[in-house]
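Below is a short report on one chain.

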Amino acid sequence: MQMSGAQMVIEALIAEGVDTIFGYPGGAIMNVYDEIYKQNKFQHILNRHEQASVHAAEGYAKASGKVGVALITSGPGFTNAVTGLADAYMDSIPLVVISGQVPMSLIGTDAFQEIDAVGISRSCTKHNYLVTDAKDLPRVLKEAFYIAASGRPGPVHVDIPKDVTAQIEEFNYDIEINLETYKPNIKGNPRQIKKVMEAIAKARRPLFYLGGGVVNSNAAYEVRKLVQKTGIPAVETFMARGTLAHDDELLISMLGMHGSYAANMAMSETDLVIGLGARFDDRVTGKLSEFAKNAGVIHVDIDPASISKLVPADFPIVGDVKNVVLEMLELVDQIDSNKYKTWRNSIKNFDELHPLTFHEDSERLKPQWVIQRTGELLGDSANISTDVGQHQMWAAQFYPFSRPRQWISSGGLGTMGFGFPAAIGVKAATPDKISINFTGDGSILMNCQELMTAVEQKLPVINIILNNNFLGMVRQWQTLFYDKRHSQTDLSVQPDFVKLAEAFGGIGYRVHTKEEFDTALKDAVEKNVVAFIEVIVERFENVMPMVPAGGSLFNMMLLEKKEKK
Amino acid sequence: MITENSERRVISVIVVNEASVLSRITDLFSGRGYNITSLTVAPIPESKYSRLTIVTSGSVRVIEQITKQLHKLIPVLRVYEHADLVEKEMALLKFPLSENITDISTLCAAYNGRIVNVGENVIIAMVADDPARIENFLRVIKKYNPKEIVRSGAVALER
């Protein structure tokens, strides 16, 4: 069928089963927007900033497991979107981001709203394309969706000049993808898997180290089974929260810079690390030479480049976690879960010695309480997004996650401004769940224009702003490592968050007490409109435990103990 | 990784001939802080692929990362990290006619070369040999005051 390049974009999205896209129009992408106007097969959510469009697509992708799609224009539209691309690249989120470009005849002339988009996105995407002929569009778009979702997922950027979206060509999407140079290895080597199971059976203090790859490969329920059948305790990375249910006895907690004492000690004492879809990030390992020093390392990852990048693997397995875990389950009978009883007990002792907790010793509410209380009130019924900073770490520590894809946060890039637009995408993907965004008084201002998107699209995201009048995480480092010189982190001057929400047509609450918080949260859930719940919290609370950057995991700064009355 | 021994390595990369594939490779090197000592590219006859020969340096672990990261790029078909290889490099040199042409010619011959062009004021000579020998030749030939030197960078084939 003959059609324009712009129509091809629409037809390709429909063929890919896309039901929601996020975007912002502009000159170079107008042909495509004209076709969006004419169709009703998928909805377009108009964000109020291109960065937010990409974050929303990320939230959508993470919550749904599908490929997220964003549509933006050239020049500033594209450069605004770059942070989102980089964020998705770091956290392996499948996206297809389509941008307009100036017409082919103007490329290279410093034309209005021209920027070398593929040149910029090259280093922060899994792959990118500049489409110079509409004949290539069906193939390019089909490849883009395939590359984004397969192997180690990631963002793919497709840049289309305006004259290419106007060009009329034959459209045929029923084509075979033939990428001779891209064939991700998804099946783990069976012999290696056998060796791994033997090593586990021999180990005395093995430890599952679960990463975001488990969530990405939809392997959480298989992993739960493997953990339960082996009786081997597990730690989760920040990205893997929700893989095991919070009340699973074998789940220790999160490990790393702000991991629990027990999790970090378990990692320091283990004799065999069973890494599944985790990449030994510096925020997890602390000082590399001291990390799991006496342990063998099993590393299952879909990305060969992640294996032995930082920590040499004794048993590397390249493959999709789900496939590998299914094979491991076949051989699980050789493992005697009773063998690890002493090990489990010593971990329990670690946890009793320094549990993950906080003290309610201030007049103001403690931020951790707010997270915990939200968990008590909403639990499984909510999906949890966050921005970046202290609130994010507290959310990862204290929210009772019960399922994979419940936790949506910017881990690798650490993008302030991620949470609100991501929570909009999450709500669009999972309308039956409450969409919570835990945020701080710093982060929320980085994409607060999304109030308009949420109001217009009736996507009732509840933003819980833990307001300590500080850029809290930086303030914490300044307190601890910069002799309390709180340079540019005091955010005493602030907007009226209640009025801000109301100005956009949302609803605002200011909360000082526990009772007020319960009332506000219940009311916000009931009212079902976008909300800001500003919670005035203790200003100088620190995220603890903490492994100072570059320190060893077992050398944690700990919460001061309080005398028991 | 600074403490680990840095070694010279030759890596060959087979890539699809398509727009911007070379910048994907060089961006990867610059973005991840790897070195490129030399780089040559040319299409592989009667195929849709090109072959790059990259001379780089790094510890064993860095080289392993380089090959893995290269392989991750979508248009990369194969990456060879050579251990046992035949390696050659070419150099072109320009000398003033006033220099001792017999000497230059003899020296070039010892490095698989000769005088390839004679102009009104200058001669151009070429040599083609192992990179280490080219290095040596260039050191020796200095006393004949070459006005310009161009090196091709290494090409390599596994034995």
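In this predicted model, strands E6 (residues 127-130) and E7 (residues 155-161) of chain A run parallel and are joined by four bridges. His127(A) has Val156(A) as its bridge partner in E7(A). Helix H6 (residues 137-149) of chain A belongs to the picture too: E6(A), H6(A) and E7(A) make a right-handed β-α-β unit.

E6(A) is covered on both faces. The table gives the residues by side.

| Side of E6(A) | Residues | Burial |
|---|---|---|
| One side | His127(A), Tyr129(A) | buried |

Helix H19 (residues 472-481) of chain A comes next. Which of its residues are buried? They are Gly472(A), Met473(A), Arg475(A) and Gln476(A). These residues cover an arc of only 155° around the axis, which puts them on the same side of H19(A). What do the buried residues of H19(A) pack against? Their partners are helix H16 (390-398) and strand E17 (434-440) of chain A. Asp483(A) follows H19(A) and has a positive phi, near 55°.

Now the whole chain. Chain A holds 21 helices and 20 strands. Its radius of gyration is 24 Å, close to the 24 Å that the globule rule gives for 565 residues, so chain A is as compact as a globular protein of that length. Along the principal axes, its C-alpha atoms fill a box of roughly 75 × 60 × 40 Å. Of the 565 residues in chain A, 56% are buried. Among contacts between residues at least 6 apart in sequence, 76% join residues at least 24 apart.

Key:
Residues are numbered from 1 along each chain as its sequence is written. Chains are lettered from A and ligands numbered from 1 in the order in which they are written. This is a predicted model: local features need pLDDT of at least 70, side-chain atom pairs count only at pLDDT 80 or more; totals for chains, interfaces and linings use all residues. Helices (H or I, at least four residues) and strands (E, at least two) are DSSP runs, numbered from the N terminus. The radius of gyration is taken over C-alpha atoms; the globule rule is 2.2 Å times the number of residues to the power 0.38. A residue is buried if 20 or more other C-beta atoms lie within 10 Å of its own, exposed if 12 or fewer, and partly exposed in between; C-beta atoms are placed from the backbone. Two residues are in contact if their C-beta atoms, placed from the backbone, lie within 7 Å. Two strands pair if DSSP finds at least two bridges between them. A crossover is right-handed if, with the strands pointing away from the viewer, the path from the first strand over the helix to the second runs clockwise. The arc is that of the directions from the helix axis to the C-beta atoms.
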